[in-house]
Amino acid sequence: MAESVGSAGGAPALPSAVRKLDPSAAVFGAAALILIFLVVVPLAWIFVASVHSDADETLTLSNYVRAFSRSIYLEPIRNSLVLATAAAVLATFFGTVLSWAVSRTDMPGRGLIRVMVFAAFATPSFLGATAWIFLAAPNSGWLNKIWIAISGAERGPFNIYSLTGAILVIALYSFPYTFAFASSALELVPSDMERSAALLGARWPRITWRITLPLVRPAILAGALLSFLEAIAEFGTPAFLLIPAGKQVITTQLYLFFQYPSRPNLAAAYAVPLLLVTASLFLLQQRLLKKGRFTSIGGKGGVREPFRLGGWRWPLLAVCLVPTVCSLVLPYTALLLTSLSRAWGRGPVPGNLTTQWYRWALVENAAARAAIGHSLSYAAAAATIATVLALFTAYVAQRRLVPGSRLLAFVAMAPFVVPGIILAIGFFSAYARPPLVLYGTAWMLIVAFATRFLPIAYSGTESALRGIDVELENAARTLGSSTLRTFWRITLPLLRRSIVATWLAAFIPSLRELSSAVFLFTPSTAVITNVIFDLSDAGNFEPVSALGVLMMALTFGLIALAYRLFGRTVLFSRGRG
Amino acid sequence: MPDNVSRIDRRAFLKLSAGALGAAALGPGALQAAEADEEKKLYEAAKKEGKVVWWTSHYQLSAAEAVRDAFKAKYPGVDVEFIRQTAQVIFQRLNQNLKAGVKELDVFASTDESHYLKLKGQGVLAAHKPLGVNHLPKQFQNIDPDNTYHLGALAFVVINHHSSVSPVPQKWTDLHDPKWQGQITLGHPGFSGYVGNWVVAMWDKYGWDYFTALAKNKPKIGRSIFDTVTDIVGGERKVGAGPENQSLESKAKGNPIDIKFPADDAVLVISPVGILKDAPHPNAGRLFESFFYSKEYSQAIAKTFNYPLRSDVPAPTGVAIEKLKYYRNKADRLDKGIPEAIEKWRETFGV
């Protein structure tokens with residue numbers, strides 16, 4: 001039997017006689033049921049809701065007609081497309097330059113840049129948007145004030161309340177996608193061709209442009225598409241920056257559909273095309289990545305040598321610092337200073353310093369204190385559900401334990417293409433009505449977070465499983481151990497480290513999730529991001545900053561812990577925020 | 001549980017009516033005694049419930065915190081859980097909860113009076129006569145003859161300006177002056193009840209043209225009315241249609257902001273308070289609503305620069321509300337007017 005399993009090549013199937021006797025089928029069946037509950041039902045509800053009238057729940061196509069015939073609903077779609085395209089282009093540019101500099105050159109400070117890119121990745125863009133209001137509001141922004149003070153001009157050059165402002169902010173927090181894809185491809189590209197070109201007299205700019213970048217083009221495009229997906233699904237940044245500018249995008253329009261009198265079915269119809277767009281872009285991205293993988297495999301054995309940039313080393317570092325300073329140094333300085341100010345408008349002057357907002361968040365304000373507790377506990381519960389579910393599903397899919405296990409894998413990855421706000425609409429349609437009312441309970445947020453970040457957990461677990469030799473499992477089974485027992489005694493202990501890493505990879509984005517939480521919470525289940533969003537509406541910038549700083553301190557604290565425990569691998573698990 | 005509540009209700013109501021009759025016969029002393037007795041009973045029942053859940057858009061965060069603290073000082077053992085959000089947002093959340101059958105709210109405090117007409121129509125408000133409601137000025141008593149809601153706060157939408165502005169705009173129409181291009185800040189009627197009140201008032205006074213002309217000056221549109229205070233204090237904008245309470249509080253802290261009661265009338269915002277029929281803490285809710293008519297409540301909100309509800313607490317502006325010239329929208333006008341205004345606002349300002 002061991003013979004036949006070995007020849008199956010990494011994905012062995014068990015003889016059906018063994019499978020029949022095994023209680024594990026029931027356990028894995030339960031995992032499949034949970035997947036249906038978490039993914040299939042809410043997504044199906046979006047389509048069901050979209051063809052039902054909001055007034056009397058009769059079957060109709062009128063939602064689609066209304067959603068796509070009125071100019072006030074079409075304008076946001078146009079804005080979203082402009083916003084996402086421009087943000088993706090910009091993010092791709094930053095991401096490509098930085099990944100090339102970090103992976104292929106002898107630029108100084110490469111390690112620092114890598115860490116900063118990761119920190120930008122961990123920062124939710126709505127927090128960045130808040131900080132950029134302090135920095136670049138047209139009249140009161142600190143950068144504008146500095147500009148006026150230096151140049152004596154009447155007005156400063158920056159206006160964050162604009163489409164350009166929103167594009168910049170979103171690009172600043174989504175370039176890490178291209179960076180991650182491009183740098184992992186660049187690290188695999190061999191230098192033979194580059195060296196040949198160098199021998200023939202070409203210099204590094206020409207070699208980079210004509211040889212290196214074309215080799216990793218699929219990875220760059222894949223990163224660009226992910227940035228686009230991220231930008232079009234973004235809710236917080238447009239809400240903070242574009243409402244003052246008098247512009248709506250798809251996600252803020254969806255939010256408006258939920259205002260009284262709420263029209264969730266119209267919202268569902270409005271969301272369906274966006275869902276189709278993100279799904280097809282994701283499929284396109286997967287195809288590109290496959291092509292990219294093909295290229296890189298050919299070069300795996302090659303030697304990679306960094307470009308020697310000579311005098312260009314420092315100017316390149318300066319270029320690389322632009323996006324990282326703009327996404328981290330400036331915004332975190334602004335947030336920290338504001339959180340320590342009595343009134344942010346007065347700026348960081350003596351007499352304006354206070355720690356009252358931290359006391360407020362941690363002690364005085366019961367709602368804020370409760371929200372911190374909710375964020376931590378819900379994110380922990382969601383990460384646990386996602387990790388356990390991913391473990392079972394990935395195991396079943398990898399080892400082909402039940403028929404249709406590929407479908408299971410597909411279902412587990414499906415939430416990846418669903419913007420948070422649309423997932424929330426699905427959850428709301430499915431679980432805010434009998435027979436199963438989760439709305440109003442913590443479970444509404446927990447299961448939504450678990451679903452949203454299940455793909456992260458799944459892909460992490462899957463690659464970890466791929467790295468385990470099946471021979472050990474096979475040996476156990478040959479000696480008469482059941483699938484479940486084998487899983488428990490052999491596979492699980494081998495996966496221990498990556499399970500914890502996966503858990504963190506799902507926990508961190510759950511902790512700072514806004515776009516689905518904003519639809520699914522009730523005040524008694526509010527999380528930190530809900531309180532931040534609520535407070536931001538009356539210009540309570542100081543407590544907003546304090547809560548944001550606390551949230552990121554928790555996040556970075558956990559990342560540091562994860563780094564200590566698991567090293568670099570845990571840092572670049574790809575996920576969406 | 002619901003049976004219990006209605007029994008308490010009926011008993012409370014009988015007591016109160018008896019008290020009122022007695023007061024008519026015996027004078028105010030008897031009424032006070034009956035009220036004190038009733039208050040004690042409510043407090044005991046509220047302590048068993050432990051807390052009251054309150055969603056408010058009445059005033060700025062600091063005022064709501066002052067109310068919470070004053071209530072907890074007067075009634076130890078009863079906690080106050082509250083959120084402060086704009087009127088349309090808490091109304092939407094309440095409706096979402098009602099639709100899904102989620103019961104978590106006791107006391108609903110919006111700044112859009114028409115919300116209460118809609119909730120009353122849905123039959124979800126509990127009829128209840130709070131203790132001490134007779135302390136309200138006559139013109140604000142019985143805003144709902146059926147007692148499903150009562151006055152909870154009074155505020156004004158007035159001209160807000162940076163202290164460096166001179167001359168100060170005197171009328172709402174002065175904001176049309178092109179010199180305010182890029183210098184105006186407004187809230188959004190789709191979020192804020194104050195702004196909804198102001199928009200309907202301007203619309204009825206001057207027609208919608210008021211806003212088409214205003215849009216030419218490219219105002220910054222926030223969400224809450226309190227966004228305007230932040231914008232002016234921070235130097236982001238110079239003038240706006242803002243509140244009087246938070247602006248005065250901010251001014252008192254030394255920030256460069258001031259207000260002007262415009263010659264063409266400040267807009268009075270009637271902010272009601274009501275209790276839900278299926279409130280999870282019905283007695284704490286009733287005790288909390290009755291607290292609105294206590295001296296402590298008026299002192300707490302006056303301390304944070306809101307108009308007190310009782311005449312025995314001095315107004316923060318120094319001018320009693322009777323002496324002010326203001327415009328007051330009718331509730332049924334707001335009922336149709338605010339939803340229409342939100343639609344028209346979208347066309348005029350793009351959001």
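**Entry 1: chain A overall**

I began with the secondary structure of chain A, which comes to 27 helices and two strands. I note that this is a predicted model. Next I looked up the extent of the chain. Its C-alpha trace spans about 85 × 75 × 50 Å along the principal axes. I then checked the radius of gyration. A compact globule of 577 residues would have a value near 25 Å, and chain A has 25 Å, so the two agree.

I also looked at burial and contacts. Of the 577 residues of chain A, 52% count as buried. Among contacts in chain A with a separation of 6 or more, 79% join residues 24 or more positions apart.

**Entry 2: helix H26 of chain A**

I picked helix H26 of chain A, residues 528-536. Nine of its nine residues are buried, so the rest of the structure largely encloses this helix. I listed the buried residues, and they include A:Asn530 and A:Asp534 as well as A:Ile528, A:Val531, A:Ile532, A:Phe533 and A:Leu535. A:Thr529 and A:Ser536 are buried too.

What covers them? I found that the cover includes helices H7 (125-136), H13 (236-241), H18 (366-398), H25 (517-520) and H27 (541-566) of chain A. Strand S2 of chain B is also part of the cover.

**Entry 3: the largest nonpolar core**

I turned to the largest nonpolar core, which holds 282 residues. Which of them touch the most other members? They are A:Ala382 and A:Ala386. Chain B takes part as well: the core draws at least three residues from each of its domains, domain 1 (2-153 + 270-315) and domain 2 (155-268 + 324-349).

I followed A:Ala386 further. Leaving out residues up to four places away in sequence, A:Ala386 touches A:Ala450, A:Phe453, A:Leu454, A:Ala457 and A:Ala506. In soluble globular proteins, nonpolar side chains tend to be buried together.

**Entry 4: where chain B meets chain A**

I looked up the contact between the chains. On the chain B side 39 residues are in contact, and on the chain A side 33. The elements of chain B that give two or more residues are strand S2 (79-84), H4, strand S6 (220-221), helix H8 (226-233) and helix H12 (331-349). H4(B) gives the most, with eight residues. By class, I got 13 nonpolar, 17 polar and nine charged residues on the chain B side.

**Entry 5: the two domains of chain B**

I went back to the domain assignment of chain B, which gives domain 1 and domain 2. Their C-alpha centres lie 29 Å apart. I found 22 residues of domain 1 in contact with 22 residues of domain 2.

On the domain 1 side, the elements giving two or more residues are helix H3 (61-74), helix H4 (87-100), helix H5 (114-122) and strand S9 (266-275) of chain B. H4(B) again gives the most, here with three residues. This side divides into nine nonpolar, eleven polar and two charged residues.

**Entry 6: helix H3 of chain B**

I closed with H3(B). Its 14 residues reach 20 Å from first C-alpha to last, close to the 20 Å expected at 1.5 Å a residue. I checked burial next. B:Leu61, B:Ala63, B:Ala64, B:Ala66, B:Val67, B:Arg68, B:Ala70 and B:Phe71 are buried. I noted B:Arg68 as one of these buried residues. Their cover includes strand S1 (51-56), S2, helix H9 (245-252), helix H10 (282-291) and helix H11 (295-303) of chain B.

Technical notes: Residues are numbered from 1 along each chain as its sequence is written. Chains are lettered from A and ligands numbered from 1 in the order in which they are written. This is a predicted model: local features need pLDDT of at least 70, side-chain atom pairs count only at pLDDT 80 or more; totals for chains, interfaces and linings use all residues. Domain bounds come from an automatic or database domain assignment. Two residues are in contact if their C-beta atoms, placed from the backbone, lie within 7 Å. Helices (H or I, at least four residues) and strands (E, at least two) are DSSP runs, numbered from the N terminus. Ala, Val, Leu, Ile, Met, Phe, Trp, Tyr, Cys and Pro count as nonpolar, Asp, Glu, Lys and Arg as charged, and the others, Gly among them, as polar. A nonpolar core is a set of buried Ala, Val, Leu, Ile, Met, Phe, Trp, Tyr and Cys residues joined through C-beta atoms within 7 Å. A residue is buried if 20 or more other C-beta atoms lie within 10 Å of its own, exposed if 12 or fewer, and partly exposed in between; C-beta atoms are placed from the backbone. The expected span of a helix is 1.5 Å times one less than its number of residues. The radius of gyration is taken over C-alpha atoms; the globule rule is 2.2 Å times the number of residues to the power 0.38.
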